[in-house]
Amino acid sequence: MSSLQWSEELVLDLPLMDETHQEFVELLQAVHAADDATLQDCWNTLVEHTDQHFAQEDRWMLATKFASSNCHTLQHKVVLQVMREGGERAAKGELFVLREMARELAIWLVQHTQSMDAALALHLRRVGFDPVTGTVASPDNLPRDLIHGCAGACSGDDEEEAGQAADAVH
Ligand SMILES: [Fe+2]
Ligand SMILES: [Fe+2]
């Protein structure tokens with residue numbers, strides 16, 4: 001299977017988020033292209049980048065009325081945990097685990113970007129959130145109550161969403 005390519009389908013019109021996703025695609029391409037000698041280094045770079053990528057989105061959610069236990073953040077936690085476990089198995093010699101995870105991540109990234117991240121980008125635009133300064137230009141558009149779901153991208157069943165995330169990368 002060829003590796004994931006950056007395309008218009010992944011653009012969400014939120015520059016900092018789009019840049020981060022484009023970097024993710026490039027790092028995943030490097031994993032796909034890596035030989036056995038460089039695979040773990042490429043994987044570790046992807047995991048570190050993903051840690052920052054998810055933390056950045058989690059911060060934006062917390063700044064705009066998402067509950068800390070919202071299902072988007074929960075999915076980030078599950079996926080990052082699975083990626084770290086992949087790194088641990090590779091360190092014991094099971095490199096094939098990383099190659100399987102890389103294939104699944106290419107599918108997962110498209111689904112996640114077009115659902116949870118797309119909903120987040122829409123929400124951030126609606127409230128006038130500036131990712132660089134962290135300011136909200138239209139606080140009147142913030143919901144009164146904390147958001148526990150994904151701002152419209154999921155059923156609101158946190159455990160089911162997290163389970164799907166885990167399935168996607170296993
Ligand atoms: Fe993202
Ligand atoms: Fe996300």
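Biologist: At what angle do helix 1 and helix 2 pack?
Modeller: About 165°, with the axes 9 Å apart. This is a predicted model. Helix 1 covers residues 15–33 and helix 2 covers residues 39–62.

Biologist: Parallel or antiparallel, then?
Modeller: Helix 1 is roughly antiparallel to helix 2, because angles over 145 degrees count as such.

Biologist: Is the crossing of helix 1 and helix 2 left-handed or right-handed?
Modeller: Left-handed.

Biologist: Which residues in helix 1 meet helix 2?
Modeller: T20, E23, F24, L27, L28, A30 and V31. On the helix 2 side they meet L39, C42, W43, T45, L46, H49, T50, H53 and Q56.

Biologist: How does that contact split by class?
Modeller: Nine nonpolar, six polar and one charged.

Biologist: New topic. How far does helix 3 reach?
Modeller: Helix 3 spans residues 71–91, 21 residues in total. From first C-alpha to last, helix 3 reaches 30 Å. That is close to the expected 30 Å at 1.5 Å a residue.

Biologist: Zoom out. What pattern does the chain follow?
Modeller: Along the sequence, α-α-α-α-β-β-α. That comes to five helices and two strands.

Biologist: How much of the chain is buried?
Modeller: 30% of its 170 residues.

Biologist: What about contacts between residues at least 24 apart?
Modeller: They make up 73% of the contacts between residues at least 6 apart in sequence.

Key:
Residues are numbered from 1 along each chain as its sequence is written. Chains are lettered from A and ligands numbered from 1 in the order in which they are written. This is a predicted model: local features need pLDDT of at least 70, side-chain atom pairs count only at pLDDT 80 or more; totals for chains, interfaces and linings use all residues. Helices (H or I, at least four residues) and strands (E, at least two) are DSSP runs, numbered from the N terminus. A residue is buried if 20 or more other C-beta atoms lie within 10 Å of its own, exposed if 12 or fewer, and partly exposed in between; C-beta atoms are placed from the backbone. Two residues are in contact if their C-beta atoms, placed from the backbone, lie within 7 Å. Axes are lines fitted to C-alpha atoms, for helices over the stretch in contact, and angles run from 0 to 180 degrees between N-to-C directions. Angles under 35 degrees count as roughly parallel, over 145 as roughly antiparallel, 65 to 115 as roughly perpendicular and the rest as oblique. A crossing is left-handed if the near helix is turned anticlockwise from the far one by less than a right angle, and right-handed if clockwise. Ala, Val, Leu, Ile, Met, Phe, Trp, Tyr, Cys and Pro count as nonpolar, Asp, Glu, Lys and Arg as charged, and the others, Gly among them, as polar. The expected span of a helix is 1.5 Å times one less than its number of residues.
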